[in-house]
Amino acid sequence: PDVVMYLSSVVQPALDDDAAYDTLAAMFRDVPELLDTLDDERVAALVAAPPADATSLRLFLDFRELCRLLADVSTVQLLHLTNNTVPPGAADAQLAFMRRLQSVFVEWGARTVRNLHVAIANTPLMRERGMLLELDRSIPLSHLHLLVELLKMPLEELLAFTTWIARATERHLALLVALLQKEPSTVFYVRQALLPESASDGGFGHAAQQQ
């Protein structure tokens, strides 16, 4: 119960505890029955465009997207992100921050990311930010610290993260922002509760091995 209530606060932060409890109860009661009564085509249509008033179904679909996100994020990448969180502020501003991070990795591509990873690894700690700005003067200062820390990830993890963030949907970026508002220990606990097989760790790194 604690885990699903926590997840509700991530995917639907506007719900207070009472509303979240009622919506969860409706979700567990109504959604399985609803999906069982529909054929595959109607289920696909409903999932693609859930009615605005279908709050329990929307919560169920949000949970599904959160599970997909957590299945894609390895412990190493999540650790780097939770240790270097987005700046405080309104949700829209934080999402814009994450979109800008995405655009930087899209502009760089895998080859540039690989080269910057090597450059960071061979740069003294106190020179890292200055060196990165020298190599790419278009980097927004608001993202400089986070980019330096992400570039320090093991290369396999970094390249897989580059692939993922370039393809991430708006909803997944928003869910990632919401996750990063929580205590890191709680985020890791929920991830392990939802994906116990990932404790060893799959995530981006595992995906990279399969490509």
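## Packing of H1 against H11

In this predicted model, helix H1 packs against helix H11, which spans residues 184–194, at an angle of about 115°, and the axes of the two helices lie 11 Å apart. Two packed helices are described by the angle between their axes and the distance between the axes. The way in which H1 passes H11 is a left-handed crossing.

From H1, the residues Val3, Tyr6 and Leu7 take part in this contact, and they meet Thr186, Val187, Tyr189, Val190, Ala193 and Leu194 of H11.

## The largest pocket

The largest pocket holds about 270 Å³ of space. Its lining is made up of 15 residues, and those that lie nearest the centre of the pocket are Pro13, Ala91, Ala174, Val177 and Ala178. Helix H1 (2–11), helix H6 (91–121) and helix H10 (170–179) are the elements that each give two or more residues to this lining.

Among the contributors to the lining, H10 gives the most, with five residues.

## His117 in H6

Helix H6 also contains His117. This residue has a relative accessible area of 15%, and because buried means under 20%, His117 counts as buried. Apart from its neighbours within four places in sequence, His117 is in contact with Leu151, Lys152, Met153, Pro154, Leu155 and Leu158.

Methods
Residues numbered from 1 in each chain as written. Predicted model: local features only at pLDDT ≥ 70, side-chain atom pairs only at ≥ 80, totals over all residues. Heavy atoms only, no water. 1 Å grid on protein atoms, 1.4 Å probe; cavity = no way out; pocket = protein on both sides within 12 Å on 5 of 7 lines; lining within 4 Å. Points joined across faces, edges and corners; volume = space filled by probe spheres on them. Helix = DSSP H or I, 4+ residues; strand = E, 2+ residues; numbered from the N terminus. Buried < 20%, exposed > 50% of the residue type's maximum accessible area, 1.4 Å probe, protein only. Contact = heavy atoms within 4.5 Å. Axes fitted to C-alpha atoms, helices over the stretch in contact; angles between N-to-C directions. Left-handed = near helix turned anticlockwise from the far one by under 90°.
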